[in-house]
Amino acid sequence: MRVNPPDHPSHPRPARRAPAPGELAWFRDAVPYIAAHRGRTMVIALAGEAAQAAEFPALMRDIAKLHALGVRVVLVYGARPQIEARLAERGLQPQYAGGLRVTDAAALDAVLDAVGRLRLQIEGLLSRSLGQPGTGNARLRVAGGNFVTARPLGVRDGVDFHYTGEVRGVDTAALTALLDQEQVALVSPLGYSPTGEVFNLSGEEVATRVAIALDADKLIFLTEAGVLRGPQDDVLDQLTVPAAERILEQRDDLPQELASHLRSAVDACHARDLRVHLVDRRDDGGLLTELFTRQGIGTLVSREPLERLRPATLDDVGGIHALLEPLEAEGVLVHRAREHLELEIDRFHVLEVDGLIIGTAALYPFGDHAAEIACLALHAEYRGHGRGDRLLTAMEDLAREQGVRRVFVLTTRTAQWFQERGYAPGSVDDLPPERRQRYNQARNSRVFTRELEG
């Protein structure tokens, strides 16, 4: 019979400890995102500066963890500083025109050298063991190739760009095959012509075109210029395409890199219904924080607002129940069993963010053109920013559509909130007879009513 050997004296087993509450909360909050991201395709773009940073191995480990969690990863890298270094070694001066590198034959040799070395560095870091307990020393398989076809920029404004090119096409079949084989696809800033010429490309353009061609779920730019901030120096965590376009039109204080990434985000969202993230590469664990926490850490650009208010379905019962349960435990809301929610799900609307139900409300019509607005609740981390008003207004609008002229609420804790929104104090006698019979005297809820205008 095989027995486990005792711990080696030089490697004692660490003392056990219970996880801190914050650690458990982080994991519990991350679980829905882990499930949602499994099997999704994400194109991650990073600049050559990232590879020169001391924290680059840690970033590669985070990308390896994404792969281990079932994310289909395409990693696109730039190599500007590495190219500059190779040019300097050769005694060559970099040439630019209109913000683009002029790549003559001598510069192309430096480009190929720099890109090739950086590819080996990335492959080496990604191919290392994940080094985490329980992984069985699992290794990643990383594959690169000539996935991008290109054409020359040619002569522009009198400048011959030689071997500087632009993306012509993406071999999606080859990339998809690698991803289906559970490999990380590594894409360089090089493109190839049908005649065998090699062109130096923008890593940002390559990442954008690859994400569009693959119809990826996410395009993530790991930026070197920090986070996108608003006029009050607050992080702009979410932007719709129109909002991003307004920023590009109205603000001339954006760092060039952020402005360029924002333009690429707009282009990608116009071409495909994907989500584009701008994350500060220098934030330790920023990539994982952005993807696996509710609030994230960077800026998310999408066609439509992330928050969606819609009628509830039976699939939402679990989410609604989880939202109401803490408030029921506090006595704020009356307890409703899951079976009760299933029977009355057509009365509910939900406010959803990225598949997570963060708010709900229900409308119960009665006779005499009256209706009760009930179960208005928001997730604790999403209160404020007008979300409660949005739910309340939606229920009032729905009541109007159904011919209701008077709505009422019963509350034990939020009387002031409803009064500030035009609800007048009432009494149990103001309730429709059917609702009056079911009034819970023990709760002693206060009644507030509002007449709806047409």
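This report describes salt bridges in a predicted model.

## Basis

Local features in this predicted model need pLDDT of at least 70 and side-chain atom pairs count only at pLDDT 80 or more, while totals for chains, interfaces and linings use all residues. Residues are numbered from 1 along each chain as its sequence is written, and side-chain values use heavy atoms, with hydrogens and water left out.

## Salt bridges overall

The whole structure contains 25 salt bridges (a side-chain nitrogen of Lys or Arg within 4 Å of a carboxyl oxygen of Asp or Glu).

## Between strands

One of these pairs is Glu 166 with Arg 156, at 3.5 Å from N to O. Strands (E, at least two residues) and helices (H or I, at least four) are DSSP runs, numbered from the N terminus.

Both partners are partly exposed: Glu 166 has a relative accessible area of 21% and Arg 156 one of 36%. Buried means under 20% relative accessible area, exposed over 50%, and partly exposed in between (1.4 Å probe, protein chains only).

## Arg 251 and Asp 253

The closest N and O atoms of Arg 251 and Asp 253 are 3.0 Å apart in their salt bridge. Arg 251 is partly exposed at 23%, whereas Asp 253 is exposed at 51%.

## Within helix 13

Asp 397 and Arg 400 pair at 2.9 Å between the closest N and O atoms. Both lie in helix 13 (residues 387–401), three residues apart, about one turn of the helix. Asp 397 is partly exposed at 35%, as is Arg 400 at 30%.
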